[in-house]
Amino acid sequence: MNRHVTRLISPVLLMVFLLSSLAGATTLTADVIVVGGGGAGLAAAIEAADCGADVILLEKMPFVGGSTLICGGVVLAAGTDIQKQLDIHDSAEAMYEYWMLWNQWQVDPALVKVIAEESAGVIDWLLDLGVDMPAVLTPPGVNPADGGLYLSGADSVPRGHTANGGGAGLVKPMMDKVGSDPKITIMLSTPAIDLIAEDGRVVGAVARTKNGEEIQVRGKAVVLASGGFGHNEEMMRRYLPSAIAHGSRYHSISGKGSTGDGIHMAQKLGAEIVGMDGTLLFAFAEGPAPSPVWMVYVNKNGQRFVNEVGFYELVNNGVSAQEDGLSWAIFDGAAIAESGMGQEDIDKGLQVGTLTQADTLEELAVKVGIDPKGLASAMKRWNADVAAGKDRAFFKPLVKPVATPPFYASQLIRHYHVVSSGGVRINTEAQVLKTTGEPIPGLYAAGETTGGIYSKIYPGSGSAVADALIFGRIAGRNAANE
Ligand SMILES: Cc1cc2nc3c(=O)[nH]c(=O)nc-3n(C[C@H](O)[C@H](O)[C@H](O)COP(=O)(O)OP(=O)(O)OC[C@H]3O[C@@H](n4cnc5c(N)ncnc54)[C@H](O)[C@@H]3O)c2cc1C
């Protein structure tokens, strides 16, 4: 990736850097300083440069991309040309209604409206940059590896516009643009550690270079695009204690740079933070376990409680809602055989205790602490439903009975952190707001660093990247025009 994506510090800037170092005051200047080189930061840098600004992009890691690079490459959008080509009728209004309803109007309507209205434009922008996003309709709920459009949430219209190549397919064309623009300089392994404010206005950032030196990077405005905080244990403990309560089983799959730095820096200047108790936290069988299609989820009373293959946020919340937080995936020997799982995987699960095996469902229930009668009756009903071709409980597309011993249980744990939904409050111009509601002059933010946009419940794959790119572009444009 680095070969394609990095344009390191430019010769002119290097000269400035060396001279100022020799003079004892290591200060770099640009019009706009962008903190973080994920989706939001790259979009901000491109847009600011397109508006004529010189940009310095500070990136903490030795490579750019952040969570955006490793994401599924899905961007939620409505009213796009891709939808039109596929004869799908959609509108910004419909997307807005869905998003707001889904979040029970407990997110910022003005920000959601911007995302809905700008979403079709951001797809055009990505296509213009060279992102390969084919106009192909793929099955609901399945992220298309080769790109395409699919139903990526609980909405009724396919809005998940997916890049061929996933996150890398999105990021590489953005990096190519950044790398070829002489107005943008990227400094890798150079985290911003603080903001510089003078007379109440943000005029730059303090950063630590690769060799440990603290430098000042000054300009007209700063865009915070440093991502979420899934890898900051202290913040997770404070704001999302139910996730971190899983101890060593807690796991964040977000980019390693997601340590909440931008949120901290903005807070020090009085920024309000919102939606901190929201997050996209996946519940999975602890595993090893075969594909969920074959599983039946039950609680400690042995009752099913969700369509196991429904939209993931419904499953996640269903798991959280069970008594004592306890639920299990139940499956059988036939499922194991069809899944292609090896005996080695099973033995490992049995050994570490993430998998329990028994010859009968009753024995299995007793072993893990499920009411045996409840489980027996739920399984009887499930198998009868499979035979009749209809899941009377949740309309799950039926796949297999659970009838072939041995039987297995694997506990469902909501421990997989993907997206932080909380962060600094911004307005529709991407300006960071104080607790008083006033903007902090010279300070912008976008992406996972911000909050209040999908804090309550995640609307579906593509929401976070749409948010990051749309507000990244707005932030870059406005910062350039300061
Ligand atoms: C596995 C996975 C799959 C996902 N799939 C999707 C999907 O398909 N669609 C979707 O909408 N969302 C998806 N998400 C969520 C989405 O990827 C992120 O919410 C979004 O990309 C965040 O973009 P961002 O620019 O705000 O942050 P990031 O992309 O994380 O970028 C932040 C950058 O800032 C850098 N940084 C941090 N601190 C500092 C500092 N102090 N100084 C300088 N740099 C700093 C980081 O190193 C990083 O490069 C997924 C997330 C994961 C983890």
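Colleague: How many residues of the shell around the ligand are nonpolar, polar and charged?

Modeller: Keep in mind that this is a predicted model. Sorted by class, the shell around the ligand has four charged residues. The others split into 17 nonpolar and 22 polar.

Colleague: And which residues are the closest to the ligand?

Modeller: The ligand is surrounded by 43 residues. The closest are Gly-36, Gly-38, Gly-66, Gly-257 and Gly-447.

Colleague: Okay, zooming out. How far apart are the C-alpha centres of domain 1 and domain 2?

Modeller: The domain assignment builds domain 1 from two stretches, 1-278 and 421-482, while domain 2 covers 281-416. Between their C-alpha centres the distance is 37 Å.

Colleague: How many residues of each domain are in contact with the other?

Modeller: On the side of domain 1 that touches domain 2, the residues divide into six nonpolar, three polar and one charged. That side has 10 residues, and they are in contact with residues of domain 2 numbering seven.

Colleague: Which element gives the largest share of the largest nonpolar core?

Modeller: That core has 109 residues, and Val-32, Ala-45, Val-55, Val-223, Tyr-444, Ala-445 and Ala-446 touch the most other members. Leaving out residues up to four places away in sequence, Tyr-444 touches, among others, Val-223, Ala-430, Ala-475 and Ala-479. The largest share, 11 residues, comes from helix 17.

Colleague: How many residues are in the other core that lies apart from it?

Modeller: Its members include Ala-329, Met-379, Val-402 and Ile-413. The size of this other core is 34 residues.

Colleague: Last one: why is the protein as compact as a globular protein of that length?

Modeller: There are 17 helices and 21 strands in the protein, and buried residues make up 52% of its 482 residues. Its C-alpha atoms fill a box of roughly 80 × 50 × 45 Å along the principal axes. For 482 residues the globule rule gives 23 Å, and the protein counts as that compact because its radius of gyration is close to this, at 24 Å.

Definitions and conventions: Residues numbered from 1 in each chain as written. Predicted model: local features only at pLDDT ≥ 70, side-chain atom pairs only at ≥ 80, totals over all residues. Near = placed C-beta within 6 Å. Nonpolar A, V, L, I, M, F, W, Y, C, P; charged D, E, K, R; others polar. Domains from an automatic or database assignment. Contact = placed C-beta atoms within 7 Å. Core = buried A, V, L, I, M, F, W, Y, C linked by C-beta atoms within 7 Å. Buried ≥ 20, exposed ≤ 12 C-beta atoms within 10 Å, placed from the backbone. Helix = DSSP H or I, 4+ residues; strand = E, 2+ residues; numbered from the N terminus. Rg over C-alpha atoms; globule rule 2.2 N^0.38 Å.
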